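I opened this model to look up its strands, its core and one of its pockets. My entries are below, in the order I made them.

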Amino acid sequence: MSVTVAGYDIQEGTPVIARDGTEVGSVAGEDQGKLLVNIYDENRNLLLPPQAISLFDQDFVMVDLTPDWLRTGNWGSNGAQQLDENGRTVIDIHEEELVAAKREIARGLVTVHKRVITENQTFEVPVTEERINVVRTDLDREATADTGDAFKEGEYDIELMGEEVELQKRVRVTGQVEIDKEPVQDTQTVTGQRRREEVDVEETDFAGERGAVTNPAKANKTGQMKR
């Protein structure tokens, strides 16, 4: 069965040759004026517009594309298209998405200093001391039989006791300071650039180019053209 592309008849199954002479597939049919090519390594069909074809011959079709382009489907401006299992043209549209990620950073530093303060403290402490009270009492009685101390001079010592204050120190806990961190929720506005793809569809009418050879030089080298 033959198909017609750009005015040329070509048999299905005809090998498709890349620009370096590598056979990458075969003609599988025609779809709306474009050549349907089955790529061997990928086992999938691709649509090639007429302008991607450099030469028709009865034994092969040469395209002005590299083997890698044909196998990966990345044609850029050459216009090759990838088909899904239903024969529909599939073009992926890409768009970048901004994703906000958070990381912890140091925002500040809190330093707590503990200082030692020396101060004077005055307080009153009650103390006790002994004093002497002399009480003289008049008597009129007979002396006792023991009068050995009578009429002898002497001294009598009476020790007086008293209290004095000695300052001592002891350490007491009078309070404490608790230090804690509390997370505070806030909102930050961030702006970034992202990219997205759009598709512009341009339709080209090839009716006036019927019968034209894309690369005449290659046609002369190959041989007779089939119409």
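**Entry 1. Ground rules.** I am working with a predicted model, in which local features need pLDDT of at least 70, side-chain atom pairs count only at pLDDT 80 or more, and totals for chains, interfaces and linings use all residues. Residues are numbered from 1 along each chain as its sequence is written, and side-chain values use heavy atoms, with hydrogens and water left out.

**Entry 2. Whole chain.** I counted 2 helices and 10 strands in the protein chain. Helices (H or I, at least four residues) and strands (E, at least two) are DSSP runs, numbered from the N terminus. In sequence order the pattern reads β-β-β-β-β-β-β-β-α-β-β-α. I then looked up burial: 19% of the 227 residues are buried. For these entries, buried means under 20% relative accessible area, exposed over 50%, and partly exposed in between (1.4 Å probe, protein chains only). For contacts (heavy atoms within 4.5 Å), I took pairs at least 6 apart in sequence, and 59% of those join residues at least 24 apart.

**Entry 3. Strand pairs.** I count two strands as paired if DSSP finds at least two bridges between them.

- β1 and β2 are antiparallel, with 4 bridges, and T4 has D9 in β2 as its bridge partner. Their hairpin has 2 residues between the strands, and A6 in this hairpin takes a positive phi near 55°. On β1, V3 and V5 form the covered face, while S2 and T4 form the uncovered one.
- β4 and β5 pair antiparallel over 6 bridges, and S26 is bridged to N38 in β5.
- β5 and β6 are antiparallel too, joined by 5 bridges, with L35 bridged to L48 in β6. The hairpin leaves 4 residues between these strands, and N43 in the turn has a positive phi of about 50°.
- β7 (residues 53-56) and β8 (residues 61-63) run antiparallel with 3 bridges. I53 stands opposite V63 in β8, and the hairpin between the two strands passes through 4 residues.

**Entry 4. Core.** Which residues have the most contacts inside the largest nonpolar core? I found V27, L35, L48, I53, V61, V63 and L70, in a core of 20 residues. A nonpolar core here is a set of buried Ala, Val, Leu, Ile, Met, Phe, Trp, Tyr and Cys residues joined through side-chain atoms within 4.5 Å. At least two core residues come from each of β1 (2-5), β2 (8-11), β4 (23-31), β5 (34-39), β6 (44-48), β7 and β8. β5 contributes the most, with 3 residues. I listed the contacts of V27, leaving aside neighbours within four places in sequence: V3, I10, Q11, E12, G13, T14, V16, L35, L36 and V61.

**Entry 5. Q32.** I placed Q32 in the loop between β4 and β5. The hairpin of these strands has 2 residues between them. Phi of Q32 is near 55°, a positive value in a residue other than glycine. Is Q32 buried or exposed? Q32 is exposed, because its relative accessible area is 74%.

**Entry 6. N45.** N45 sits in strand β6. I class N45 as partly exposed because its relative accessibility is 27%.

**Entry 7. P67.** P67 belongs to helix α1 (residues 67-72). P67 is buried, because its relative accessible area is 10%. Not counting residues up to four places away in sequence, P67 touches A18, D20, T22 and V24. From P67 to R19 the C-alpha distance is 7.8 Å, although they are 48 residues apart in sequence.

Entry 8. I took the second largest pocket, with a volume of about 970 Å³. Among its 16 lining residues, K102, R103, R107, V184 and Q188 are the closest to its centre. A pocket is an open set of points on a 1 Å grid over the protein atoms alone, where a 1.4 Å probe fits, with protein on both sides within 12 Å along at least five of seven lines; lining residues have an atom within 4 Å of a point. Grid points are joined across faces, edges and corners, and the volume is the space filled by probe spheres set on the points. By class I noted 6 nonpolar, 3 polar and 7 charged lining residues. Ala, Val, Leu, Ile, Met, Phe, Trp, Tyr, Cys and Pro count as nonpolar, Asp, Glu, Lys and Arg as charged, and the others, Gly among them, as polar.
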